[in-house]
Structures are given as C-alpha cells and as structure tokens.
Amino acid sequence: MVRPAHRRPGQSRKAQYSLFAAYVIAITGALAGLLLAILSVADPVGFAALRVASQEITAPIARGTRSVIGSISGIDDTVSAYVGAGSQNRRLRKELAEARRRLVATSALEEENRQLKSLLGLQQTDRSALAHGYLLTSTSTSSRRIALLSLGRNRGVSAGQPVRGADGLIGRVLTAGPSVSQVLLLTDVENVVPVRRARDGLPALATGRGNGDLDVRTLNIATNPFKPGDILVTSGTGGLYPPNIPVAIVVRRQDDGALARPLADPAKVDAVAVLRPYTPDNIEAQAVPAKSSPGAGAP
Amino acid sequence: MNRHGQRIGEPASRWRMQIVPIATVMIASALPLMLPLVASSPVLPPLGLLFFLSWQLLRTEMWPVWIGLPLGLWDDLFSGAPIGTAIALWTAASIAIAYLSQRIYWRGFLHDWAIGALLVAAVQALAVLITFPHAPAGHMLGLVLPQIIISVLLMPLFLRLTGKFDNFRLKRR
C-alpha cells in the first residue's frame, strides 16, 4: 500500500504558487511537445542531426555488446518457426526440389546471356559498393524500423544511399552521423520501394507493414496477378535503388495485391554494403571510365 | 554528513536520492540501442516508460509533474518516434498519475498495476498514431498490441525492480 500523496499545499501561498507553476509548465510543455512531434512528422530531416548525435554516444557500447554476444537474431522469428515447423518443412522440401530444377535452367541461361552480351559489346555498369559495414542495433521498442549502421560520414556515407545485404535489399540511409548512420529498413511503414516481378517485369510498389512483412501493390488495380513464390526485385524507377537487387518473395495473395517477405533479414545479415544512389549523374559517372577503355569488358 | 564526518545510520546523500530514479529511467530509455538486436517488429517493451511510470506510482510526490519534459525528450532521442511524442505523452501520463493518486487515496498493488497498464497502453497507442498519421489506424494499433500485452504483463516486475532501486536510493549508511 503506497502512502497517500498530500499534494494539497494547505495555507502556504508559496506552496500553492509553486504547485500551480508546476502544472502550468507541464501542460505548456506537453502541448509544445505535441506541436514538435507534428512538426517532426512533417519534416523528419530537421531533428535528425540531434538524434544521430545522441546515438553516437551509445554506438560504442553497441559495438562492444555486439562483439561480445554477437547479433541476437530475431526473437519473434524463432517463436513462429516452432509453431509452423511441420508444414514449413514439407513446403520447404517441395520448394527446394523446384529451386534445384530452376537453378540448372538458370545457369544455362546465364552462360548464354554472357555470350550474347560479349557479342554485343555491352558495358556492365560499375556495381561496386561505396563502403561495407554491419548493422549495430535498431529501435526495437518503437513502431519505426530504423537500424544503426556502423559507418558514417567518415566513410563517405550520406543520406539517401541504398543499403543491401548479400541476400537482398536492406533499406536506405536516413541520416549519416560522423561515425554511425541511421538506416530506414525496408519494413518501415514509410519506406516505399518500386519493384518489378523478376519473372516478367510486372511493375509494383512494395510498402513496409512495420511487422517484418511488405505489402505489394500493382500499379494496375484491375487484376491481382501475384502468386505465392513470386520474386520481386528493384526496378530502378524513381532513381534511388539501383535495378535488379532482390527485394522480397510473395507469401500470400491479398484483396489488393500481395503480402511479401523480405529476402534479406536484417537480424541475420552479417555485413551490409552501402551503394551509390541510382541517379543520372551517378550512372554517367560510372559509364565514363568504362568508355575510355573500350573492349575492357570483353573477354 | 555533519561536521564530525559520516555517522552510521545517517540518511543517504541528497545527491544519490535524486540521481538514482532519473538515471534508471535514462539508462532504460537508451538500453535498447546498446543491445545488438535488429528487430523486425516492436518486440521490446518500452523500458524507459515502464520505469518512469513505476517510479511515479511508487513515489508520487518525488518528482514535479513536468519531469516528463526532459525525460521524454531523452527517450525520444533513442526510441525512433518523432521528437516530441514522448515529451507530450509522458507529461500527460504524469498528470494522470497525479490526478488518480488524489482520487484513489489508498492505492494497492492491483490499483498500481491497473493504472500502469492503462497508461502504457494509451501512451504506446497514441505514439504510433502520431508517428504514422496517414496509415490505417486499425493496422497501426495491431502493430503495437503485442508490445502492449508484454508491457502490461511485465508491469509488476518493473514495480518490484523500482522498489529495489528505491531501497538502494534511501539506504542509510
């Protein structure tokens, strides 16, 4: 039983005034805070510097804990894996057999593609990454999906650069600090990625759901052409993400599109690569050195 | 401390009495960003908020009602929510606790748990609605529902932990 509070100030004027002042400060401050929140939703860049500066403080500790215990891979994933283990196993065996067949066909196509490209003398654009790092930690208590990347401006990272892992797209850099930067993950509600279906190039938009899945919607609303198992890759439309980075696999059809699961799980990736944004000047800058040495790409 | 130096049984220093509650809330707010956990959904309970509510339920008069302004700002810097969300919502929560502690004169454990649960649910639900004003509200509430349930179930543990910290805070020499 907690001792009852005696906030009533009694006859003392001084106590009465100070209690009143405390309430005035609290209510004014709360309203100002609400206004600030609305402002920072409208203009997220304004306060980003403040936030990334405070995360510079905790980053050394995050680096330390990561090196001691390694990355804790998704707790929620482990739980759901136990629930659906049997049916998942059956489904995975079927998928594996299918994937093996397709792999043989793909490798033949790849060889043919290489030969045709060398005949045409096409130049491959430079896909090399700007920097390599790892994801330190993330905002695991709030509804935003923002991760902390171990690289900052010291390694040439700046806002708007795409980030990918070995399996697929991770997200994009939101703010870059001196030695760490914030990455907006693919699954954040505000992250929209232009994608296309790998099989036939059907354009679509992938939006995060905030819980690890993605909503995929076609630009053409009349039909719902998605099937479970469809692979989505970035289309390069919009000029941020370079084309042909694997993004997600369709899990289930929905009323207005499909539910997809990202191919790269940020909880499990070891290293991530920061890429150059896919903007016209970057593409030209990559193409120029290739032109100056003709025939370098040909075998 | 008096002019003879420290005596056995003297009350704890003022410095320790004030710094311990604030330090626990601030460390709990920043702790999720020190763990190597890259979550794909809001899995961890809002540790800072749980300590903040527990301290106020345990020691209603310890802090002025505006304490949510600085502590909320600190939490906003780390939580990922837009800056200002916790400033507004935490202060509203402390005003609610101050009001309820006058209405319910003798509060028991179940009262504390109920008030804490209600406020955690309200703060987390409103925070997600402020963060994503254009997204469908039902889906957004579904996103934080598991986190709210975990936090409500953990509330007694945090009350107990806060009690332990309070014993340390007031420990006589």
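Does A:N244 count as buried or exposed, and what is its number of C-beta neighbours inside 10 Å? In this predicted model, A:N244 counts as exposed because 12 C-beta neighbours lie inside 10 Å, and a residue is exposed if that number is 12 or fewer.

**Two loop residues**

A:N244 sits in the loop that joins β10 (231–234) to β11 (246–254) of chain A. Although A:N244 is not a glycine, its phi is positive, at about 65 degrees.

A:A271 belongs to the loop between β12 (257–262) and β13 (272–274) of chain A. A:A271 is exposed, as 12 other C-beta atoms lie within 10 Å. Leaving aside residues up to four places away in sequence, A:A271 touches A:H132 and A:Y134. Between A:A271 and A:V193 there are 78 residues in sequence, and in space the C-alpha to C-alpha separation is 21 Å.

**Where chain A touches chain B**

Between the two chains, 54 residues of chain A are in contact with 54 residues of chain B. On the chain A side, at least two residues each come from α1 (13–42), α2 (48–69), α3 (75–83), β2 (135–138) and β3 (146–149). The largest share is that of α1(A), with 12 residues. The table sorts the side of chain A that touches chain B by residue class.

| Class, chain A side touching chain B | Number |
|---|---|
| Nonpolar | 28 residues |
| Polar | 21 residues |

Definitions and conventions:
Residues are numbered from 1 along each chain as its sequence is written. Chains are lettered from A and ligands numbered from 1 in the order in which they are written. This is a predicted model: local features need pLDDT of at least 70, side-chain atom pairs count only at pLDDT 80 or more; totals for chains, interfaces and linings use all residues. Helices (H or I, at least four residues) and strands (E, at least two) are DSSP runs, numbered from the N terminus. A residue is buried if 20 or more other C-beta atoms lie within 10 Å of its own, exposed if 12 or fewer, and partly exposed in between; C-beta atoms are placed from the backbone. Two residues are in contact if their C-beta atoms, placed from the backbone, lie within 7 Å. Ala, Val, Leu, Ile, Met, Phe, Trp, Tyr, Cys and Pro count as nonpolar, Asp, Glu, Lys and Arg as charged, and the others, Gly among them, as polar.
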